[in-house]
Each structure stands twice: as C-alpha cells, then as structure tokens.
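Hi,

Here is the structure I promised to pass on. Have a look at it first, and then read on for what turned up.

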Amino acid sequence: MDIKPCQPYNSRVDGRALLRLPLGPSAFKIYYVSIPGRDNPGRCDWAHSQLKKPDFEAALAKLAPEGVGFVTAFPHITKIFRFAPSGETILHVKAYKTPGLEPLDLGRPDGYLEFACYAEAELARDEYARWASAATVEDYLAWFSPFAGGGIADHTKLAGWARGA
C-alpha cells in the first residue's frame, strides 16, 4: 500500500437546516460541517469561509436535487444523500464542490469510491436509523441527528501499522 500523509481530523457540526423543494416534492436536511484546525481554514471551516450559508442554500435550491434525504455541506465539498426512488431502502450519494456546486467524482484509486469522512459516516448512521424507524417521511424530516462533531484519535495509525507490519 502507498499510504499518503493526511492532516489531523476533528469535525464540528456548525448548523442544521431543512430545505424543502417544490418539485417532486423533495426535501433535504442540511448539516453544515467544519474541520477546524486545518492548514487552509477558509476551505474547511464555515467560520472562515467566504461562502455564507444562506447563499449555499439558495444555490442548492437552484440545483434542485430530487428526493428525500440529507446533505453534508463542508465549505469545500458537499454530498447529497438520498433514499433511492428506485428502492427506498438504498442510500444514494452524489458529491459537489461546495462553491458553485460543480459535480465532483467520488472515484478513488484501485476502483474504490469515497463514502464518507468520520462526520459524514456518523450522520449517515443516524439518518439511516431514523429513516428505518420513522413511520412517515414527515416524521423523518422533523428529526435531526444529535451528532455535534468528533475527531480521529490518531490520523497516522494506518501508516504506522504498515511500517511495522
């Protein structure tokens, strides 16, 4: 394995919103997530981003994603997770560069696809569990994950393990 160095990771949820779209009907919960302490704070932390949340919501409304689900919005990357219209027990994901909402390929080396960082995985777990237990779509939409953020204890453990193996 060719293990690349990565920066420390400590996420923080900086806000939540519900975006209802008239077409479809469609609705998405938005989780604004930051990774404070990175080299380029404007890229990873909403507190330092030039993009403001109301402007992001307006751009997302203009993009008009279809379906029901949730959005993880970092200042640099946004992922839209929706419960598949073709089989609502499946969760689809699509990624965009947050500024401008240009599509972003989640393809990674060796044929893998990026699923999620830690914050996205925690939010996806909570959201999927709520989807599974909710009696109605409105019941699902009324609830937001309590996840407030969290970190990775050691962002170099894979590299250390590989060197020692």
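W131 is buried in this predicted model, with a relative accessibility of 14%. Y140 is buried too, at 0% relative accessibility.

Searching the whole structure turns up ten aromatic pairs. One of them joins W46 and F56: the ring centres are 6.3 Å apart and the planes meet at 65°, so this pair is edge-to-face. W46 belongs to the loop between α1 (41-44) and α2 (53-63), while F56 is part of helix α2, so the pair ties together parts that are ten residues apart in sequence. Both partners are worth checking for burial. W46 has a relative accessible area of 7% and is buried, and F56 is buried with a relative accessibility of 1%.

Back to W131 and Y140, whose rings also pair: their centres lie 5.1 Å apart with the planes at 90°, so the arrangement is edge-to-face. Which residues do ring pairs link into a cluster with these two? F83 and Y128 join W131 and Y140 there.

K29 lies over the face of Y140, 3.6 Å from the ring centre. The charged end of K29 also sits over the ring of F144, at 5.7 Å from the centre of that ring.

In the loop between α1 and α2 you will also find S49. Is S49 buried or exposed? With a relative accessible area of 5%, S49 is buried. Setting aside neighbours within four places in sequence, S49 is in contact with G42 and P75.

Finally, the cysteines. How many disulfides are there? The count comes to zero. C6 is in no disulfide, and its nearest cysteine sulfur, in C117, is 12 Å away. C6 is partly exposed, at 45% relative accessibility. As for C117, the closest cysteine sulfur is that of C44, and at 10 Å it is too far for a bond. The reasoning rests on a cut-off: a disulfide needs two cysteine sulfur atoms within 2.5 Å.

If you open the model, I would start with the ring cluster of F83, Y128, W131 and Y140, then turn to K29 over the face of Y140, and finish with the W46 and F56 pair.

Best wishes

Notes: Residues are numbered from 1 along each chain as its sequence is written. This is a predicted model: local features need pLDDT of at least 70, side-chain atom pairs count only at pLDDT 80 or more; totals for chains, interfaces and linings use all residues. Side-chain values use heavy atoms; hydrogens and water are left out. Rings of Phe, Tyr and Trp (its six-membered ring) pair if their centres lie within 6.5 Å; planes under 30 degrees apart count as stacked, over 60 as edge-to-face and the rest as tilted. Helices (H or I, at least four residues) and strands (E, at least two) are DSSP runs, numbered from the N terminus. Buried means under 20% relative accessible area, exposed over 50%, partly exposed in between (1.4 Å probe, protein chains only). A charge sits over a ring if NZ of Lys or CZ of Arg is within 6 Å of the ring centre and within 35 degrees of the ring normal. Contact means heavy atoms within 4.5 Å.
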